[in-house]
Amino acid sequence: ISAVISGVGLWNPENTLTNVELVQVLNAYADQFNETHAADIEAGKVEPVAKSDPDFIEKASGIRQRYVYRKDGILDVDRMRPRIPKRRDDELSHQAEMGLNAARKALAAAGIEGSDLDAVIVSCSYTERAYPAIAIELQSALGCEGFGFDMLVACSAATFAQHRAYDMIRSGSAQRVLVVNPELTSPQVNYRDRDSHFIFGDVATAVVIERGDLAQSAHQYEILGTRAKTVFSNAIRSNFGYVSRTQDVDPFDPDALFHQEGRTVFKEVCPMAAAHITGHLEAHDLTPADVTRWWLHQANINMNQLITKKLLGRPADGDEAPIVLDRYANTASAGSIIAFSLYHEDLQSGDYGVICSFGAGYSIGSLVIRKR
Ligand code: CO8
C-alpha cells in the first residue's frame, strides 16, 4: 500500500509584525525598566534589560517580519503579550479556527471533502487546552467520521504526525488522514527578551495523506519512507505547563516562556540534521545529489545554509532549498510545510524531495518523497 501527500494548505493571519515594531516596544520597555531600577543596576543588584536591534535580527536570523494571530497587546509596553479573547465553549476555539482555515485549503487541493477523511491529527508545539482534543473539535467541524487526536513534538510536530498518518495508511487502519498544524506561538514568546523576541510567528498548515490508489489530485507525492530521531536536550525549553498554577508562576517568568541557548542549538543540531538526512536517503539508495527540492525546517537562515552545504558540498540555490523565514519567521513545526506548500508545484514526475524538521527535544523528522 502506498501513501501519498495529495493536498497541502497554508493559512496565515492578517496581521504582520516587523522587526522595527518589535524592537521599538522592547527598547521602550528597557528604558522604562532600567530607569526605574537605576540604583539597583548601579549597585549590581539587578541586571539591566538589554536593547534589541533590527539589523542584528535580520543578519542573525534572516527574519524580516512575522504573522501574528492577534497583534493587539504585543506592542503595548505595559502588556507585551497578545490579547486573545476567551471564547465560549459553544464557539470554535482559536486553534480549531486556525486549523480549519488551513484544512479547507488542503482538502480543496486534494479534491476531497471533510467527510472523506478517516482521521484528523492536530500536531503542533502547544495546544490551548488538553481536552477535548482540538483534533476532535476540528473533526466535528469538518463533518468527518472516524477519530482525531492531538500530539505535541515542538518543531517536529508536523513531520512526526505525517509519519503517524503514513503508518496508519500503510497498516490499513485509515485511508485518508488530515494532519493539521495550528502553530499559535505568540502567547509563549517573551517579547521582553532580546535573544528571542523576534524568533516566532503564527500560522497554520495542513496536509492530506491518502492511500495512493485513491488519490486524484494534480500534485501527488509518494512517501517513500519516514525517519525520526530524538535526543534529550535542555538547550530549548519552556517550563510552562498545567502544574505551573500550583507553583504560583508569574506569567512573565522567563523560565515559563520559550528560551534557548541559540548558539548551542546551532552547533549541535546542524550536524545531527545533516547526518540524519544523509542516512535516510541512503536507506532509499539515494544521495543528496538526487534530490530536487529540500523543504527544511525554518528556524534560522544560516542554519539552513550550513545544513544544505554539508549535504551538497556547495551552497544550495534559492530554488533547491526555499527559505520562507523572511516573511514567516520561525513557525515551529509548520516551517517546512509552508516551504512545501509554496514551492512544490513545479516539480516534475519522478523528482525526489525531502521534508525535514529539526528543533526542540531535540527532535528531527524527515520524509523522502517522490512526485508521481
Ligand atoms: N539585538 C541585538 N543584539 C542581540 C540580540 C538582539 N535582538 N539578540 C542577541 N544579541 C546579542 C547577544 O547578546 C550577543 O551579545 P554578546 O556577544 O555580547 O554576548 C550577540 O548579540 C550575539 O548573540 P548570539 O551569539 O546569540 O547570536 P547568533 O548569531 O547565534 O544568533 C540566534 C542568535 C538567531 C538565536 C541563532 O543562534 C539561532 O537561530 N540559533 C538556532 C536556534 C534554533 O534553531 N532554535 C530552534 C528554536 S525553535 C524550536 O525548537 C521550537 C520550539 C517550540 C516553539 C516555541 C514557540 C514559542
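In helix α5 (residues 134-142), the buried positions are Ile134, Ala135, Glu137, Leu138, Gln139 and Leu142. The structure is a predicted model. An α-helix has 3.6 residues a turn, so residues three or four places apart point the same way. Among the buried positions of α5 are Ile134 and Leu138, as well as Ala135 and Gln139. The buried residues of α5 pack against helix α4 and against strands β4 (119-124), β5 (147-152) and β6 (176-183). Directly after α5 comes Gly143, which has a positive phi near 70°.

For Val179, neighbours within four places in sequence being left aside, the contacts are Ile121, Ser123, Ala158, Ala161, Gln162, Ala165, Ala206, Val207 and Ile209.

At the level of the whole chain, 10 helices and 13 strands are present. Of the 372 residues, 47% are buried. Among contacts with a separation of 6 or more, 77% join residues 24 or more positions apart. The radius of gyration of the chain is 21 Å, in agreement with the value near 21 Å for a compact globule, because a globule of 372 residues would have that value. Along the principal axes, the C-alpha atoms fill a box of roughly 70 × 55 × 35 Å.

Strand β8 (residues 221-230) pairs with strand β1 (residues 3-11) in the antiparallel sense over two bridges. In this pairing, Glu222 of β8 stands opposite Val4. Strand β8 also pairs with strand β13 (residues 363-371), again in the antiparallel sense, over nine bridges. Here Gly225 has Val368 of β13 as its bridge partner. In a regular strand the side chains alternate between the two faces of the sheet.

The ligand is surrounded by 29 residues, of which Gly262, Ala299, Asn300, Gly359 and Ala360 are the closest. By class, 15 residues of the shell are nonpolar, 10 are polar and four are charged.

Note on methods:
Residues are numbered from 1 along each chain as its sequence is written. This is a predicted model: local features need pLDDT of at least 70, side-chain atom pairs count only at pLDDT 80 or more; totals for chains, interfaces and linings use all residues. Helices (H or I, at least four residues) and strands (E, at least two) are DSSP runs, numbered from the N terminus. The radius of gyration is taken over C-alpha atoms; the globule rule is 2.2 Å times the number of residues to the power 0.38. A residue is buried if 20 or more other C-beta atoms lie within 10 Å of its own, exposed if 12 or fewer, and partly exposed in between; C-beta atoms are placed from the backbone. Two residues are in contact if their C-beta atoms, placed from the backbone, lie within 7 Å. Two strands pair if DSSP finds at least two bridges between them. A residue is near a molecule or strand if its C-beta atom, placed from the backbone, lies within 6 Å of it. Ala, Val, Leu, Ile, Met, Phe, Trp, Tyr, Cys and Pro count as nonpolar, Asp, Glu, Lys and Arg as charged, and the others, Gly among them, as polar.
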